[in-house]
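Student: I would like to learn how to read a protein model. Where do I start?

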Amino acid sequence: METIRFDVLTLFPRMFESPLSESILQKARNREQVKVIVHNIRDFAHGRHRVVDDTPYGGGGGMVMKPEPVVRAIESIKKNHPSARVILMTPQGSLLDDSHVCRLVQYPHLVLMCGRYEGVDERVRLGFVDEEISIGDYVLTGGELAAMVVIDAVSRQLDGFLGNESAARDDSFSEGLLEYPQYTKPRNFRGLRVPEILISGNHKEIRRWRRKESIRKTWLRRPDLLKKSKLSAEDCKTLDEIEREGRLCKGMA
Ligand code: 6GU
């Protein structure tokens with residue numbers, strides 16, 4: 001069984017309790033395919049008050065996470081697991097995408113350090129972190145939610161994580177395309193009908209339809225992805241068809 005371990009370093013360990021305890025992620029944890037160990041950075045702070053943050057040199061507002069507790073927390077894991085990969089969650093990191101997720105699942109052990117406040121002392125980044133990740137161009141109050149996104153997205157790439165029929169390689173982004181539209185019963189929902197082709201039982205035609213709708217959705221919503229994806233000669237013909245249909249629709253409107 002392909003497994004992975006995450007050690008999370010955070011000032012807010014309880015944030016991780018319920019999101020990681022539901023659904024298939026909890027099942028994967030039950031069978032120990034995914035291990036998540038959450039550590040409170042405050043436990044590594046010294047002194048009566050266990051201070052973890054301080055004002056920035058040079059002035060300005062906000063607080064900065066002090067280097068000592070963070071580095072002690074990282075080292076407490078590295079001592080027994082020297083090859084664990086240390087990732088700092090920060091809006092300054094490189095943007096997480098599908099290829100990034102597929103690279104991360106190759107590591108058997110990730111340490112996810114969650115930044116808070118206005119940031120982490122620069123010296124933590126310089127000496128003790130292997131890479132920095134952001135999950136998008138917006139600012140969260142801390143790296144915790146982003147770390148959960150990484151745990152979820154990376155875990156579901158493990159072999160055998162999803163049930164046997166579905167596989168991560170079939171979904172959106174696996175080939176750089178968005179997923180085709182899905183339908184279930186009833187056939188007629190408030191006058192909206194399931195496309196006939198899906199009820200036809202003609203699996204070759206269903207596959208063609210799905211491929212086309214997948215290309216269409218990507219063309220409409222994410223033309224940037226379409227440019228990067230590897231389309232076959234047949235896909236290119238399909239795309240021509242879609243573009244012609246698109247022009248027809250505009251003509252009618
Ligand atoms: Cl990893 N952290 C924070 N604080 N904000 C973010 C982020 C991470 N990724 C996007 N926004």
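The dialogue below goes through cores, helices, salt bridges and a surface patch.

Student: What kind of model is this?

Tutor: It is a predicted model. Keep that in mind throughout.

Student: How do I read a nonpolar core, and which residues have the most contacts inside the largest one?

Tutor: In soluble globular proteins, nonpolar side chains tend to be buried together. Here the largest nonpolar core has 30 residues, and Phe6, Val34 and Leu112 have the most contacts inside it. At least two residues each come from strand 1 (4-10), helix 1 (23-30), strand 2 (34-40), strand 5 (85-95), helix 3 (98-104), strand 6 (109-114) and helix 5. Helix 5 gives the largest share, seven residues.

Student: What does Phe6 touch, leaving out residues up to four places away in sequence?

Tutor: With those left out, Phe6 touches Val34, Lys35, Val36, Ile37, Leu110, Leu112, Ile151, Val154 and Ser155. A second, separate core has 19 residues, including Leu11, Ile41, Ala84 and Val124.

Student: How do I check a helix, and how many residues of helix 5 are buried?

Tutor: Compare the expected span with the distance between the end C-alpha atoms. At 1.5 Å a residue, the 12 residues of helix 5 should span 16 Å, and its end C-alpha atoms are 16 Å apart, which agrees. Nine of the 12 residues are buried, so helix 5 is largely enclosed by the rest of the structure. Among the buried residues are Glu144, Met148, Ile151 and Val154.

Student: Which elements do the buried residues of helix 2 pack against?

Tutor: They pack against strand 1, strand 2, strand 4 (64-65), strand 5, strand 6 and helix 4 (122-128). The buried residues of helix 2 are Pro67, Pro69, Val70, Val71, Ala73, Ile74 and Ile77. Take Val71 as a case: it is buried, with a relative accessible area of 12%. Not counting residues up to four places away in sequence, Val71 touches Val124 and Phe128. Val71 and Phe128 are 57 residues apart along the chain, yet their C-alpha atoms are separated by 7.0 Å.

Student: How do I read salt bridges, and how many does the structure hold?

Tutor: Side chains of opposite charge can pair when their charged atoms come close. The structure holds 17 salt bridges. In one of them, Asp7 pairs with Arg5, with the closest N and O atoms 2.7 Å apart. Asp7 is buried, with a relative accessible area of 0%, whereas Arg5 counts as partly exposed at 24%.

Student: Which salt bridges link distant parts of the chain?

Tutor: One of them joins the side chains of Arg208 and Glu234, at 3.3 Å from N to O. Arg208 is in helix 6 and Glu234 in helix 8 (residues 233-252), 26 residues apart. Another joins Glu245 and Lys212, at 2.7 Å from N to O. Glu245 is in helix 8 and Lys212 in helix 6, 33 residues apart. Lys212 is buried, with a relative accessible area of 15%, while Glu245 is partly exposed at 26%. A network of salt bridges links Lys212, Glu213, Arg216, Glu241 and Glu245.

Terms used. Residues are numbered from 1 along each chain as its sequence is written. This is a predicted model: local features need pLDDT of at least 70, side-chain atom pairs count only at pLDDT 80 or more; totals for chains, interfaces and linings use all residues. Side-chain values use heavy atoms; hydrogens and water are left out. A nonpolar core is a set of buried Ala, Val, Leu, Ile, Met, Phe, Trp, Tyr and Cys residues joined through side-chain atoms within 4.5 Å. Buried means under 20% relative accessible area, exposed over 50%, partly exposed in between (1.4 Å probe, protein chains only). Helices (H or I, at least four residues) and strands (E, at least two) are DSSP runs, numbered from the N terminus. Contact means heavy atoms within 4.5 Å. The expected span of a helix is 1.5 Å times one less than its number of residues. A salt bridge is a side-chain nitrogen of Lys or Arg within 4 Å of a carboxyl oxygen of Asp or Glu.
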